[in-house]
Each structure stands twice: as C-alpha cells, then as structure tokens.
Amino acid sequence: MQADKQLSTEIDANVPTAARMYDYYLGGKDNYAADRAAVGELDKVVPSTRRLALNNRRFLQRVVRTLAEDYGIRQFLDHGSGLPTQDNVHQIAQRVAPESRVVYVDNDPMVLVHGRALLDQNDRTAVIHADMRSTEMIFSHPDTQRLIDFSQPVAVLFNSVFHCIPDSDTDGPMAVVRRVTERLVPGSYAVMCQLVSEDPGVRKFVTEFMDQATQGHWGRVREPKDVEALFEGMDILEPGLVEVSTWRPDTDVAPRQLTDEWIEFGGLGRIR
C-alpha cells in the first residue's frame, strides 16, 4: 500500500502542503511562500475558502466539546490533525475533563516538529508521524497503546482530510473508515467531513490544481453522496450530515458559509 511507504522527515518549503495552506487560511505563521502562492491561485476560483477553513475549525471545536461534554468521551484519535493552532482537540477535551487523552496523526513533518514542541509538557497527548491510511501502524504505535484503551469508546476524527487521499479499494476513504471503525467498540464515534461541490467544474479545477501543487499529495473534491456513504452502518446524530457551519452552532448568529462553490460537508456518527 502507498501508505506504508517510509515518510520523509525533511520539510520542503518549495512544495505546498494542505496542512500549511490550511494554517495560512487560519492566520497561522507556520507556512511558506509556496503555500501562500498556492492559496492565492486557489482563491481566484474558490474565493470562499478562507471562510470555509475558519468555519471548519469552529466545527471541530464544537464537535469535540460535544463529544466530551454530552457523550462522555475521554479518548480521541485525530487522523490528519494538521498544524497546531488555537484551541486544539486536546485543549478543548481537557478543559471539559483533564483526564482526556488525545493522539494526533499527520504525515507532514512540520506537524511533527511543532506538535511535539507544543505537547512536550502534556503526558496525556501525543503526535504520531504517519499516513492516516496506515491503520495498523497507528493502532499499534507505542503512544497509541499508552494513551488509548480500545476496550472503551473512542472518538476517531477525520476532519477535512479525505479529499487529500485518492479513491482506492484498499487505501481510499471508505477502506480507511472500515479498517478503523471495525477496531472500535460500540458506542464509539466518528467525526468525518470533507470538501464537496455540486459543480463538476469546481471539482475538476480544485482536484487538478491541488494534485499538481502538492505533487500528488491529494485525492479529489467529492460530492455529498460520497461523504454519506462513509457513515454507512452508523447512527448519524442530529442535525445529520450538513454544511459544517450549521452543525449545532453555538448561537443563532454564529458565522455561516455564505457562498457555495464548494463546502465542508459532514457530521458525527455513533458506531453500533
């Protein structure tokens, strides 16, 4: 499997990555000129992307708080976590319950460097340098084994990451979800969303642009029905699968996604 290839620990500032582009959209500083140039080109066709990234981050914060406060989840496995920013998963969960444990997984070497520096003083949180498709490696990793008790419910997060991997019978989003969820006890949860568009032209442009810009580290922009398929066999919790700015907003005046050339679409499922 492609996911089993040895990951590079070298940071290439000349090739944009989805993690660093996302960091730039969020107002972070852990990005390079190549990332900012790629963002500029992307914005010419899909100008709502910055708002989309901010709304996606707010969704992540709401759904983690909901899992910790309302459903009593104390274990989180975050696939494709991205660069650390304000209010990360462990900070939200540990504010609710200090004993909460979080394992972050990402294949970007910059995430590894910055994540480990951030978490150096937090023994209930770890960062693993791995491809999100390397399920066996992730679950058997010493840090995962140390922090996660798989005999108890776990929340697995695939937040805005599946558009980064191509379709494949063995390594595509559906296969990854099945491999992960079959290892979890009933009463566990899955958070999943990805970039989708009803416009074939937008799907084609963004998919081809990002694939070229990241030198093949991309999958495709999909349709809502593709995300719906990932939740097969799960109980989808209210309000269902939606554009994520409308998922349990904190207030009636919370920011909404106002344009729809593409959206972040998904929700929360309970594993039976």
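Reader: Is Phe-158 buried or exposed?
Author: Phe-158 is buried, because its relative accessible area is 1% and the cut-off for buried is under 20%. Keep in mind that this is a predicted model.

Reader: And Phe-162, buried or exposed?
Author: Phe-162 is buried too, at 0% relative accessibility.

Reader: How many aromatic pairs are there?
Author: The count is five aromatic pairs. One of them is Phe-158 with Phe-162. Their rings are stacked, 4.8 Å centre to centre, with 20° between the planes.

Reader: What about Phe-205 and Phe-209?
Author: That pair is stacked, because the planes are at 15° and stacked means under 30 degrees. The ring centres are 5.7 Å apart.

Reader: Where do Phe-205 and Phe-209 lie?
Author: Both are in helix α9, four residues apart. That is about one turn of the helix. Phe-205 is partly exposed, with a relative accessible area of 28%. Phe-209 counts as buried, at 17%.

Reader: Which residues of α9 touch α2?
Author: Phe-205, Val-206, Phe-209 and Met-210. The axes of α2 (residues 33–45) and α9 (residues 200–213) come within 11 Å and cross at roughly 170°. Over 145 degrees counts as roughly antiparallel, so α2 is roughly antiparallel to α9. From α2, the contact uses Ala-38, Glu-41, Leu-42 and Val-45.

Reader: How many of those are nonpolar, polar or charged?
Author: The contact of α2 with α9 has seven nonpolar residues, no polar ones and one charged.

Reader: Staying on α9, where is Lys-204, and is the residue buried or exposed?
Author: Lys-204 is in helix α9. Its relative accessible area is 52%, so Lys-204 is exposed. The C-alpha atoms of Lys-204 and Val-221 are separated by 7.7 Å, with the two residues 17 apart along the chain.

Reader: Switching to α1. At what angle does α1 pack on α3?
Author: About 95°, with the axes of α1 (residues 18–25) and α3 9 Å apart. The two helices are therefore roughly perpendicular. In α1, Tyr-22, Tyr-24 and Tyr-25 make the contact. They meet Thr-49, Arg-50, Ala-53, Leu-54, Asn-56 and Arg-57 in α3. By class, that contact has five nonpolar, two polar and two charged residues.

Reader: Which ring does Arg-50 lie over?
Author: Arg-50 lies over the face of Tyr-24, at 5.4 Å from the ring centre. Arg-183 lies over the face of Phe-139, at 5.1 Å from the ring centre.

Reader: At what angle do α1 and α2 cross?
Author: Roughly 75°, and their axes come within 9 Å. That makes α1 roughly perpendicular to α2. From α1, the residues are Arg-20, Met-21, Tyr-24 and Tyr-25. They meet Asp-35, Arg-36, Ala-38, Val-39, Leu-42 and Asp-43 in α2. The contact of α1 with α2 has six nonpolar, no polar and four charged residues.

Reader: How many residues of α8 are buried?
Author: Seven of the nine residues of α8 (residues 173–181) are buried, so the helix is largely enclosed by the rest of the structure. Among the buried ones are Val-176, Val-177, Arg-179 and Val-180.

Reader: Now the backbone. Where is the cis peptide bond?
Author: Glu-238 and Pro-239 are joined by one, with omega about 10°. Most peptide bonds are trans. Pro-239 is in the loop between β6 (234–236) and β7 (242–243).

Reader: What is phi for Ser-160?
Author: About 55°, a positive value although Ser-160 is not a glycine. Most residues other than glycine have a negative phi. Ser-160 sits in the loop between β4 (155–159) and α8. Ser-160 is buried, with a relative accessible area of 16%.

Reader: And phi for Arg-248?
Author: Near 45°, again positive in a residue other than glycine. Arg-248 is in the loop between β7 and β8 (263–271). Arg-248 is partly exposed, at 26%.

Reader: Last one. What does Tyr-71 touch?
Author: Leaving out residues up to four places away in sequence, Tyr-71 touches Thr-66, Tyr-189, Leu-237, Arg-248, Leu-268 and Arg-270. Tyr-71 lies in the loop between α3 (49–69) and β1 (75–79). Tyr-71 counts as partly exposed, at 26% relative accessibility.

Conventions: Residues numbered from 1 in each chain as written. Predicted model: local features only at pLDDT ≥ 70, side-chain atom pairs only at ≥ 80, totals over all residues. Heavy atoms only, no water. Axes fitted to C-alpha atoms, helices over the stretch in contact; angles between N-to-C directions. Parallel < 35°, antiparallel > 145°, perpendicular 65-115°, else oblique. Contact = heavy atoms within 4.5 Å. Nonpolar A, V, L, I, M, F, W, Y, C, P; charged D, E, K, R; others polar. Phe/Tyr/Trp six-rings, centres within 6.5 Å; stacked < 30°, edge-to-face > 60°. Buried < 20%, exposed > 50% of the residue type's maximum accessible area, 1.4 Å probe, protein only. Lys NZ or Arg CZ within 6 Å of the ring centre and 35° of its normal.
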